[in-house]
Amino acid sequence: LRHGISWVGGLPYVHALTGPLEELCNVEEISVREKAVESLKALGMEMLPEQVEGHLCELVRRLANHEWFTSKISVCSLFAAALPKVGEVKQDELLKHYFRLCGDDTPMVRRQAANVLGSVAEVLHNEDMLTELMEHFEKLAKDEQDSVRLLAINNCIALGRIKTSSEWQTQIVPVVKTCAEDKSWRVRYMVADNVKQLCAVFEAGATTSIVPLYLKLLSDQEVEVRTIATARIADVAAVNPTREFLETLMPALEKLTAPRESSQHVRASLAGSVLALTPIFGAKLTVDYLINIFLLFIRDDSPEVRLKLIGTLGELSSIVGIDVLSQSLLPSIKELGKDRQWRVRLAVIDCMPSLARYLGEAEFTQELSSLITDWLVDPVFSVRDAAAGAARRLCETLGLPWCEAHLMPQLRMLLTRMSYLHRIAALLCAAALADVVSGPFADKHLLPMVVRMASDPVPNVRFNAAKSIEAIHKACKSVGNDGLVPCLRKMVADEDPDVKFYARRAMTQMGLQA
């Protein structure tokens, strides 16, 4: 119906559409009411001021005085659409209806009234009206229902943005403090979750009013509050990126590590966000204060915590110096590379290229290159597959000479292993490397490996050899076909159907007749 203005004869008759929509605002189905309200708001935007005053305001009055709570919930969203288009007398009348809904007996009505309070405040410009609105805002912030009170923080942010004067914001900050100390954890959760916006809105006094409240929430009795508070730690640190603040913060951070913090969810949240502090405080403060927190988490009993931490390794290696990375972190990274949880090993693999970039070729080769072989023979396929992809990215980072000198000998060694899975891992690695190496390199190192495995006694190895031939030829068009064609023709005649299929597919891709 919001698009039906032309159906009723144009803008002069737009009010004819409000009747059906008013009925839909009364139904129990939430999605129907929401669509009806959206349509009424859209029509209100099109209406002339006299139409709003004569029709939309009357509709608001009827819905606000309705006995059924669904009508009152619906009408709450219409005040912000009607108020800007009417004079002060009518605004005062509409606000009386709205304020009555703010004190309604039904919690769901009060909740919706609180939900739209910010949008109502944005369209008011009369100081007396804003003052009266502020009184009802403070009452809703102390409502007996926590489902109403938890909306107070969003309203604090909305009201704080309307005026930046210290007198106005001084009225709002006490409400934030009350919410931060609320008996309901859900209300306190909202404070911690929105701390970034609160610091931005109350910028002038954030360090003295908002930040101390946040530091208390880091020690909250509820796990959910501590979890979201630790996730927002970088947002608060950005407000005051000084040594003094970090020294104030450290006792709270230390309490959130094992064994004093029993919840793995809180520790994981902090592990995922603590290294976001490194670019804020810089290399020196990171080394002096945060490295110890990192080392505690890297040895945490929970794999979820270790996983979260590994995801931020790239940030850390780009901030701290090579000396710190080598001395303090490499032993722990090696331990994680052999972690009992395969997902942790997988996460470490993803960090290898960035570590190679910051450590340099010599240091990386000496300390970490042996892990590549361990991962290529890992019992979990996802780890072996990721190791092949990491080898390709390492070749891009460290260059072909490094690949030829350090990686290829490890792959050739895998071809002699008894386990067919290890031989397949070498083929996966060869296929991955084909994307980044030159034709001569592929001819010299990759093709001999693949041709050798084409005669392997295990069919799984042979059809992976066919897939690798296809990948190598597709990536390096200049590779020679002299040794490949006889190899593929032999596999086309193989007794295993999978080997035949992949050999034929490779020949088709190479433009050869199977």
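**Close-up 1. Helices H28 and H29 pack against each other at about 145 degrees.** In this predicted model, residues are numbered from 1 along each chain as its sequence is written. H28 spans residues 400–414 and H29 residues 420–433, with axes 8 Å apart. Helices here are DSSP runs (H or I, at least four residues), numbered from the N terminus; axes are lines fitted to C-alpha atoms over the stretch in contact, and angles run from 0 to 180 degrees between N-to-C directions. Look for Cys403, Leu407, Met408, Leu411 and Leu414 of H28 meeting His422, Arg423, Ala426, Cys429 and Leu433 of H29 (contact means heavy atoms within 4.5 Å).

**Close-up 2. H18 runs alongside H20.** The axes of H18 (residues 243–255) and H20 (residues 278–298) come within 11 Å and cross at roughly 15 degrees. The two helices are therefore roughly parallel (angles under 35 degrees). Among the residues making this contact are Phe245, Leu246 and Met250 of H18, and Phe281, Leu285 and Ile293 of H20.

**Close-up 3. Leu277 belongs to the largest nonpolar core.** This core has 182 residues, and Tyr98, Leu277 and Leu433 have the most contacts inside it. Such a core is a set of buried Ala, Val, Leu, Ile, Met, Phe, Trp, Tyr and Cys residues joined through side-chain atoms within 4.5 Å; buried means under 20% relative accessible area (1.4 Å probe, protein chains only). H20 gives the most to the core, with 10 residues. Leaving aside residues up to four places away in sequence, Leu277 touches Ile233, Ala234, Ala237, Leu249, Leu253 and Leu290.

Technical notes: Predicted model: local features only at pLDDT ≥ 70, side-chain atom pairs only at ≥ 80, totals over all residues. Heavy atoms only, no water. Parallel < 35°, antiparallel > 145°, perpendicular 65-115°, else oblique. Buried < 20%, exposed > 50% of the residue type's maximum accessible area, 1.4 Å probe, protein only.
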